[in-house]
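Have the sequence and the 3D view open side by side.

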Amino acid sequence: AIAAVDPTELSWRNRIPVVALRDSPSRLIRRLLRRLGAPVCLKPRVTAAEILRNAVEGQRITAVLVHYLQFALQFEDLWAKTSKELFVHCHGYDVTWDLRSHEDPSRAFFPKDYLARVRRLSKRAIFIANSESTARRLEDTGISRERIRTKYLGVPVPDSPPIRPARIDGLEILYLGRLVAFKGP
């Protein structure tokens, strides 16, 4: 199964169920209520944590893969109560311990207890780092290397690029990302 906050479909590839982790009315319903001038103070009948707990405790789920540490930490209580294997994929920003807010650079992006919560989660989860840099950041905080696996993003690239015919109009590429060597720009 796949769980997402705002999924656009009920199943992936018409065979894998998708679970909506919505603990409040959808954005569409909220917008509609605002346009009608109605108050948008609807209380959720079921929380995202309850929906996820029901999905995780389903008979066929044997392991859980969560993208981003920050998202995994939203469900700390569930991970403490379930015996399912837990893997957390770390991408970079979620292990940038001193990350600043975009709106106010003087303010930290993560709460003060973020790093302590990550360390606590490392006792329960296997962290999947997307690079050696991400793995080092985790290790530098005291997380055991035994709790970290490195799985690089991307696809294998040949040593020499394929030869292509020259284009008269040239080729322009937009690289969108941080200009750091390990991302391979």
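Eight aromatic pairs turn up in the structure, which is a predicted model. Take Tyr68 and Tyr93: their rings make a tilted pair, with centres 5.3 Å apart and 55° between the planes. This pair bridges distant parts of the chain, 25 residues apart. Tyr68 sits in the loop between β4 (63–67) and α3 (69–73), while Tyr93 belongs to the loop between β5 (85–90) and α5 (114–122).

Tyr93 has another partner, too: with Phe109 it forms an edge-to-face pair, 6.1 Å centre to centre and 85° between the planes. Here both residues lie in the loop between β5 and α5, so the contact ties together parts that are 16 residues apart in sequence.

Here are the two pairs in brief:

| Pair | Geometry | Centre to centre | Angle between planes |
|---|---|---|---|
| Tyr68 and Tyr93 | tilted | 5.3 Å | 55° |
| Tyr93 and Phe109 | edge-to-face | 6.1 Å | 85° |

Which residues form one aromatic cluster? Tyr68, Tyr93 and Phe109 belong to it, along with Trp97, Phe110 and Tyr114.

Definitions and conventions
Residues are numbered from 1 along each chain as its sequence is written. This is a predicted model: local features need pLDDT of at least 70, side-chain atom pairs count only at pLDDT 80 or more; totals for chains, interfaces and linings use all residues. Side-chain values use heavy atoms; hydrogens and water are left out. Rings of Phe, Tyr and Trp (its six-membered ring) pair if their centres lie within 6.5 Å; planes under 30 degrees apart count as stacked, over 60 as edge-to-face and the rest as tilted. Helices (H or I, at least four residues) and strands (E, at least two) are DSSP runs, numbered from the N terminus.
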